[in-house]
Amino acid sequence: MRKAISPKPRKPRPPLERDIQRSVVQYLRACGWTVWITSQGYRRDPGGTRMSPGIPDLYAVHEYHGAAWFEIKRGNLGRLSVAQEEFAMYHDAGDHGLRKPSVYVIRSLDGIRALGKNEGWSREVTS
């Protein structure tokens with residue numbers, strides 16, 4: 001008699017990018033940030049969005065902490081495009097005489113909470 005093989009339990013898939021983005025926007029606004037959503041849906045051309053290639057999904061400004069760009073990715077599944085990497089490098093390398101915004105890649109609500117705690121620009125907010 002053959003022993004039945006039980007299937008391996010599936011790993012839970014990470015939330016969809018739009019759900020992560022919704023949570024991140026809600027969290028940032030609760031912490032006093034003004035947030036603009038720059039992701040405008042998809043187009044058929046390579047590069048994917050209606051914005052210029054490389055522009056992150058969110059732009060946020062805080063009265064005390066300045067400005068930041070946020071690129072939302074779906075857990076470890078999401079990868080930065082070449083244009084997104086170039087955009088981030090430009091901001092990291094450029095000195096325009098102004099406090100330039102930082103570019104952060106966010107993969108989960110826990111990720112933005114940890115970032116806020118590390119950067120000192122958030123209070124812990126429950127969602």
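Two strands are taken to pair if DSSP finds at least two bridges between them. Helices (H or I, at least four residues) and strands (E, at least two) are DSSP runs, numbered from the N terminus. The model is predicted: local features need pLDDT of at least 70, side-chain atom pairs count only at pLDDT 80 or more, and totals for chains, interfaces and linings use all residues. Residues are numbered from 1 along each chain as its sequence is written, and side-chain values use heavy atoms, with hydrogens and water left out.

The chain contains 3 helices and 4 strands. Along the sequence they follow the pattern α-β-β-β-α-β-α. Buried residues (under 20% relative accessible area, with a 1.4 Å probe and protein chains only) account for 33% of the 127 residues. Contact here means heavy atoms within 4.5 Å. Among contacts between residues at least 6 apart in sequence, 56% join residues at least 24 apart.

The 4 strands form an open sheet in the order β1-β2-β3-β4, with mixed pairing. β1 and β4 stand at the edges, each with a single partner strand, so one side of each has no neighbour in the sheet. From one strand to the next, the twist averages 25 degrees. Angles run from 0 to 180 degrees between N-to-C directions, and axes are lines fitted to C-alpha atoms, for helices over the stretch in contact.

Strand β2 (residues 58-62) pairs with β3 in the antiparallel sense over 5 bridges. Leu-58 stands opposite Phe-70 in β3. A hairpin of 3 residues joins β2 to β3. On the β4 side, β3 pairs with strand β4 (residues 102-106) in the parallel sense, also over 5 bridges. Here Ala-68 has Ser-102 in β4 as its bridge partner. Strand β3 (residues 66-72) is largely enclosed by the rest of the structure, because 7 of its 7 residues are buried.

Trp-36 lies in strand β1 (residues 34-37). Its relative accessible area is 45%, so Trp-36 is partly exposed, a class that lies between buried and exposed, the latter being over 50%. Leaving aside residues up to four places away in sequence, Trp-36 touches Asp-57, Leu-58, Tyr-59 and Val-61. Val-25 is 11 residues from Trp-36 along the chain, and their C-alpha atoms are separated by 8.7 Å.

Helix α1 (residues 17-30) packs against helix α3 (residues 109-119) at an angle of about 30 degrees, with the axes 9 Å apart. The two helices are therefore roughly parallel to each other. That class covers angles under 35 degrees; over 145 counts as roughly antiparallel, 65 to 115 as roughly perpendicular and the rest as oblique. The crossing of α1 and α3 is right-handed, as the near helix is turned clockwise from the far one by less than a right angle. In this contact, Ser-23, Val-24, Tyr-27 and Leu-28 of α1 meet Leu-109, Ile-112 and Arg-113 of α3. These residues divide into 5 nonpolar, 1 polar and 1 charged. Ala, Val, Leu, Ile, Met, Phe, Trp, Tyr, Cys and Pro count as nonpolar, Asp, Glu, Lys and Arg as charged, and the others, Gly among them, as polar. Helix α3 also lies across β3 and β4, running at about 145 degrees to β4.
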